[in-house]
Amino acid sequence: MRGIIRTLALFFFSLGGFGLLLLGVLDSSFLFMPLGNDLLVVALTAAHRQRMLYYVLMATAGSTLGSEFTRWASARGGEKTLEERGKSRRVAYVEKTVKDRGGLALAAAALMPPPFPFTLFLIAAGALHYPRRKMLTIIAASRALRFGVEASLALIYGRGIIRLARTPWVENFILVLVVISVAGSVWSLVNLIRKSRGHR
């Protein structure tokens, strides 16, 4: 299992900025990949300091594109999209927060690290038909700030981060994240297939 994880990590790392773009799209759409892009931004910046701005821009672009996909899919279903997820307290809270605070709520959600339910805020914004251009601008600015801070830390503590990443407990932590990601992604795909069949 660790061998597979290392192979995947090396694959995305070898892609550089395009790896960040791909992970960003996946993470902000229907796949569940906690901290994937954040860790890759740090690793790439620590290894190639002169490309920091490029990595931040590619990670931001990927996250924004993924957010647009989620917004588009949710907007098609309207408020029924939220109803299909069940009126749990969390869904009701997110729906009310987006209605009352709009851009501020989206900005805060985009800045927060996992396990904060960022995708749920995107779904709510799309279902409630929050202005598309405004939403994408807010998300792009917030994610650029988040990735920029992470990349700056990588510039300062780059060598220490690389040494830390090679320790057994960090490898085990990443292993747990990957398992969670796979389980969450499978659950998301199953729900997506069920909903598409239901609409038919």
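This is a short tour of selections in a predicted model.

**Helix α3.** Start with residues 36–47, which form helix α3. Its twelve residues reach 17 Å from the first C-alpha to the last, close to the 16 Å expected at 1.5 Å a residue. Now show the side chains of N37, D38, L40, V41, V42, L44, T45 and A46: these are buried.

**Helix α4.** Next select residues 52–77, helix α4. Pick out S63 within this helix. Is S63 buried or exposed? With a relative accessibility of 1%, S63 counts as buried, since the cut-off for buried is under 20%. Leaving aside residues up to four places away in sequence, S63 touches G24, V25, S28, R143 and F147.

**Aromatic pairs.** There are two aromatic pairs in the structure. For one of them, select Y54 and Y55: the pair is tilted, at 5.6 Å centre to centre with 45° between the planes. Y54 is partly exposed at 36% relative accessible area, whereas Y55, at 1%, counts as buried. Then move to F69 and W72, whose ring centres are 6.2 Å apart and whose planes meet at 40°, so this pair is tilted. F69 and W72 are three residues apart in helix α4, which means about one helical turn separates them. F69 has a relative accessible area of 37% and is partly exposed; W72 is partly exposed too, with 40%.

**Nonpolar patch.** Which helix gives the most to the nonpolar patch? Helix α9, residues 132–165, does, with five residues. L145 is in helix α9.

Key:
Residues numbered from 1 in each chain as written. Predicted model: local features only at pLDDT ≥ 70, side-chain atom pairs only at ≥ 80, totals over all residues. Heavy atoms only, no water. Helix = DSSP H or I, 4+ residues; strand = E, 2+ residues; numbered from the N terminus. Buried < 20%, exposed > 50% of the residue type's maximum accessible area, 1.4 Å probe, protein only. Contact = heavy atoms within 4.5 Å. Expected span 1.5 Å × (residues − 1). Phe/Tyr/Trp six-rings, centres within 6.5 Å; stacked < 30°, edge-to-face > 60°.
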